[in-house]
Amino acid sequence: MSIKDVQANVNRIVKGWKNSPLIKVVQRVDQLPEPIQRQIERDDVQRPQGVWDDDSNAVFLIADNLVEPKDVALTVAHEALGHFGLRTILGNNYSKEMNNAYRNAEVKRRADAKIARGMDKEIAVEEVLAEMAEKGKQPNLINRFVNMI
């Protein structure tokens, strides 16, 4: 997809959101900030469609890796609702709640696979929860975090 097409889809998706994160669209991975490129390489992520950047509190979408509007919607859900949402909701309780979530058998199993590839435990748990938010899985666990608002 082109940057213009991705941005049009993003605008449609976040229209009316009260607390939308900053969402930036780049064409290629090599246009991302250098630290994000290193993280993608370190975590061995193949063809990332989007990433959350703690340093800028922004979602980056990679247009070359988004094929259709559905990809944009799922990636925005993953990055914005998953990563941005969890960090916004949990604030200072982030570390404690990531450790609590790790006690869930499904989260632990999936996080352990990411940890084995070198990912930090809290980041691995957050990634699993973001994947669940994207796919609508484990609503009780996700709802627990949403209900903390």
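In the predicted model, helix α3 contributes the largest share of the lining of the largest pocket, namely 6 residues. At least two lining residues are supplied by each of α2 (34-42), β2 (50-53), α3 (69-90) and α6 (121-135). By residue class, the lining of the largest pocket comprises 16 charged, 10 nonpolar and 7 polar residues.

Strand β2, one of the elements that contribute to this lining, is covered on both faces, with G50 and W52 buried on one side and V51 and D53 buried on the other. The strand runs antiparallel to β3, to which it is joined by 4 bridges, and V51 has F60 of β3 as its bridge partner. In the hairpin formed by β2 and β3, 4 residues lie between the strands, and N57 adopts a positive phi near 50°.

Nonpolar side chains in soluble globular proteins tend to be buried together. In the present model, the largest nonpolar core consists of 15 residues, and those with the most contacts inside this core are V6, V10, I23, L61, V72 and V76. The elements α1 (3-14), β1 (22-26), β3 (58-62) and α3 each provide at least two residues of the core. When neighbours within four places in sequence are left aside, V76 is in contact with V10, I13, W17, I23, L61 and L81.

Conventions: Residues numbered from 1 in each chain as written. Predicted model: local features only at pLDDT ≥ 70, side-chain atom pairs only at ≥ 80, totals over all residues. Heavy atoms only, no water. Nonpolar A, V, L, I, M, F, W, Y, C, P; charged D, E, K, R; others polar. Core = buried A, V, L, I, M, F, W, Y, C linked by side-chain atoms within 4.5 Å. Buried < 20%, exposed > 50% of the residue type's maximum accessible area, 1.4 Å probe, protein only. Contact = heavy atoms within 4.5 Å. Pairing = 2+ DSSP bridges.
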